[in-house]
Amino acid sequence: MTTAAEIENKGDKEVVELQNVTIRFAGDSGDGMQLTGTQFTNTSAILGNDISTLPDFPAEIRAPAGSIPGVSGFQISFSSRDIRTPGDEPNVLVAMNPAALKVNLPDLERAGIIIVNSDSFSELNLKKAGYDKNPLEDGTLSGYRVISIPLSSLNANALKELNLPKKEAERCKNFFALGMMYWLYDRPLEPTLKWIESKFLKKPQIHAANSQALRAGFNYADTTELFTTYYRVRKANLSPGKYRNITGNEATALGFIAASQVSHLPLFYASYPITPASDILHELSRHKNFGVKTFQAEDEISAMGAAIGAAFAGHLALTGTSGPGVALKSEAIGLAVMTELPVVIANIQRGGPSTGLPTKTEQADLLQAMFGRNGECPVAIVAPATPADCFRMAFEAFRIATMFMTPVFYLSDGYLGNGSEPWKIPNVDDLPKIDIKFRTDPEGFYPYLRDEKTLSRPWAIPGTPGLEHRIGGIEKQHITGNVSYHPENHEFMVRLRAEKIARIANFVQDVEVFGKSEGKVLVVGWGGTYGAITSAVESLQEKGKSVSSIHLRYLNPFPKNLGEVLSRFEKVLVPELNLGQLQLLIRARYLVDAIGLHKVKGRPFKISELTEKIEELL
Amino acid sequence: MSDNGHQSDKGSAVLELKRQDFVSDQEVRWCPGCGDYSILAQTQKTLPELGIAREKFVFVSGIGCSSRFPYYVNTYGFHGIHGRAPTIATGIKASRPDLSVWVITGDGDSLSIGGNHFMHVIRRNVDINLILFNNRIYGLTKGQYSPTSEFGKKTKSTPQGSIDYPINPLCVALANEATFVARSVDVDVKHLAVVLTQAAQHKGVSFVEVFQNCNIFNDGAFKHFTEREIREERTINLEHGKPLIFGKDKNKGIRLNGLKLEVVELGGGIAEADLLVHDIHSPEPSLAYMLARMDYPDFPVPVGVFRSVAKPTYEELLEAQVEDSITRMGPGSLEKLLHSGDTWVVD
């Protein structure tokens, strides 16, 4: 915990004010850790803290109880200052069993706080976690402040009067733990009590049990002598406005709905369930009153094909998936390039290759988006930088797709998709315009006659009299769109399609430099690494170091000023959660000796990993 | 969508449409003598009679000889990729139920590379017309066996004979509870036109298998029952409400004997009343399945409509969910949506 700014006394317990706290909740997949973390997050957000979260869960739905693979975690950082990452090292670890302790202990800060459920440290559970001796007793944790609490029995005791089956009562223990943490960090119970009430409206017994467990945990912490101090993190100084907490996947879904509303075109979402993109399907399927149609396809290829069909028919067509799904869609994406139809392909990236690490984050699909198709097959690529930024970039993906009649890749990732932060809700009237003009005039109509500025072809949808025409995957004759095998025409069309994508750069924002516009080191990032990079660069700038950063939201084409910005720095560092994909593109395009910093552990960068590398270059 | 120039459901005038209106300016490039010509001609003849404006038709195809079809019909058309036409068609029909969507496909396109989509578009009962040109060979890739080629067939890729057991497209369609299943033959143009019209008029997925002769790579694949002089002896035309009778002299029929079909001769104690009466509306598809399995020489080859039942379509159900959501929740307000959930204000 960073600094104790002021100390005051309240009753017999002391309150210590902190700027920033990072807690990790960890337990079995069935222990409700994601729920606990989310509740703590929402309460902290409503309290006015800046927050950033990192859920970390296994691909197995319920791995054997107590086992190492079954450990599920949720990290939240909350602060009275502007924060951009869920924190490098947790200050507090809440471990519901030995396996959770074992998995998460290495990440905990030195001398950090460990709160454990001592009831779960049975011989069997210790064995499952691979502990020969009980770490609570053998000195393993001597460097930490350990608060060992018989959580299960305290919880069971608190719920005694409800006469629940033992298992049911045990399932409430996460709320007991949450209640304790609310006391410890001076948060109100009301938001969670309200949530429990609405969630278990039809199950009065579960409602009562969970609320009681939450209160009991809070009261226990208040009375026990184990806690002599509690902590307070004041409101953050966020810019004025109305906020809500939002995950990247939620923001993505809302961005797509917003694009549909602004363009007055119904949204058609075709998708095959895949981690970590399925939440977008769930979210969109709840909003059919916006005219949204969701189609759960039989496979990834079908989802892409249906999106293409809907685009041809005049809808805002969208498909969403993760890397393995993109691999399957590739041929059809080529068809969308050839037929020049506006389709957005959302790739919520995860660890690869193949099935890889389904629930872990990675940024290794950039080159797949860029080149992963047969033939010369350029598409536009955009990427959000933070969970809240997903809204803006999802919207932007459709603005570009419809303006240029092209498929657009939207590259989010598991870290952004599942992570959350406060989102300043935008004013609907301030959203950019998406002007859709279907062609209706048969006079002078040709399916591949292009707009002079954007090179886009007309969107002529079925049902329009006099515009009957045929498109397909075979090479098109310039202007007429008829099948053509002519060698000169083919080369012309290949170059034209490339030029069309290149011209998108004329219609997107230049990249902005964070810090001085010239200097020793420029850090170039994209996607979910924004928070860590910016925090690292900012802390070095505060120390007077000559380092700046830029964050690319447009990856194809690059913003027009990128080359010029790169040229003003002595060294260029490209940190990525891959083995150097943006680095490769930047080197190839600008002949800059870009240096890479690569991490492929299924986890985001720590700020410290970045500062270390930047300092090495300074 | 009216503010985007979207057309109303009425469409342009339909009464004066003629066959010629459905002929595109593209030169037809199938091999001379190909059975596809006949199917194209019958389709172009059928379309003006459906009472649908020309701009409301969309022809979607995959890859293969037959899949060039959309280029030759002067409607909206989409030449897709191999096996995926049903997916594109689903996207079109689900988003725009006002359109008349046709899928033109072949045996390789639908039953090999596109088998999955074929199955699912049928089971969902998307209201499209799915016309499968079955020539039992890969033509466009110049003569390899297809999933409907007979066992032991010698082709370029199977010099010792194919060891694949063939698939029966009608059975696949019926197993997936297709609401309309029919079969016709390229050379029987009158029959073909009738079947195509019935398929177009059916609401829900309409599956039509057309035996189509590839005169280059599989010439005569069907002639042992389609040649004029033997056709009546070796095929049977399924007609709703009528007993299953065939033969030049209308003297043979199909009878249900226990759980098996059998060919019987009329007379000598067997009357028309003993024969199976064809019922295309039977909700139970098992009899249709048994009929679909009849093949020469043990049985006459059945053509006509096997099944035609009513069932809500995918796009109807989808629209209904949208409507229901609007009724329950009111039309979506973006402002409200963005401000939903727990919010707080920072001054």
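**Entry 1: Domains of chain A**

I note at the outset that the model is predicted.

I then looked at how domain 2 and domain 3 of chain A meet. Domain 2 of chain A gives 22 residues to the contact, and domain 3 of chain A gives 20 residues. On the domain 2 side, I listed the elements that give two or more residues: α13 (366-371), β15 (380-382), β16 (407-413) and α15 (414-418) of chain A. I also sorted the residues of this side by class, which gave 15 nonpolar, four polar and three charged.

**Entry 2: A sheet in chain A**

I next traced an open sheet of four strands in chain A. Its order is β20-β19-β22-β23, and the pairing is parallel. Which strands stand at the edges? They are β20 (547-552) and β23 (595-598) of chain A, each of which pairs on one side only. On average, neighbouring strands are turned by 25° against each other, direction ignored.

I followed one pair in detail. Strand β19 (residues 519-526) and strand β22 (residues 569-576) of chain A pair in the parallel sense over four bridges. Within this pair, A:L522 has A:V572 of β22(A) as its bridge partner.

Two helices that touch this sheet also went into my notes. Helix α17 (residues 530-542) of chain A lies across β19, β20 and β22 of chain A, and runs at about 165° to β20(A). Helix α20 (residues 607-617) of chain A touches β19, β20, β22 and β23 of chain A as it packs on the sheet, and its direction makes about 155° with that of β22(A).

**Entry 3: Where chain A meets chain B**

Finally, I examined the contact between the chains. It takes 61 residues from chain A and 58 residues from chain B. On the chain B side, the elements that each supply at least two residues are β2 (76-79), α2 (85-95), α4 (115-123), α10 (314-329), α11 (334-338) and β12 (343-346). Which element gives the largest share of this side? It is α2(B), with eight residues. By class, I recorded 23 nonpolar, 25 polar and 10 charged residues on the chain B side.

I also found strands paired between the two chains. Strand β10 (residues 241-247) of chain A and β12(B) run antiparallel and are joined by four bridges. One of the partners I looked up is B:T343 in β12(B), which bridges to A:R244.

Terms used:
Residues numbered from 1 in each chain as written. Chains lettered and ligands numbered in written order. Predicted model: local features only at pLDDT ≥ 70, side-chain atom pairs only at ≥ 80, totals over all residues. Contact = placed C-beta atoms within 7 Å. Nonpolar A, V, L, I, M, F, W, Y, C, P; charged D, E, K, R; others polar. Pairing = 2+ DSSP bridges. Axes fitted to C-alpha atoms, helices over the stretch in contact; angles between N-to-C directions.
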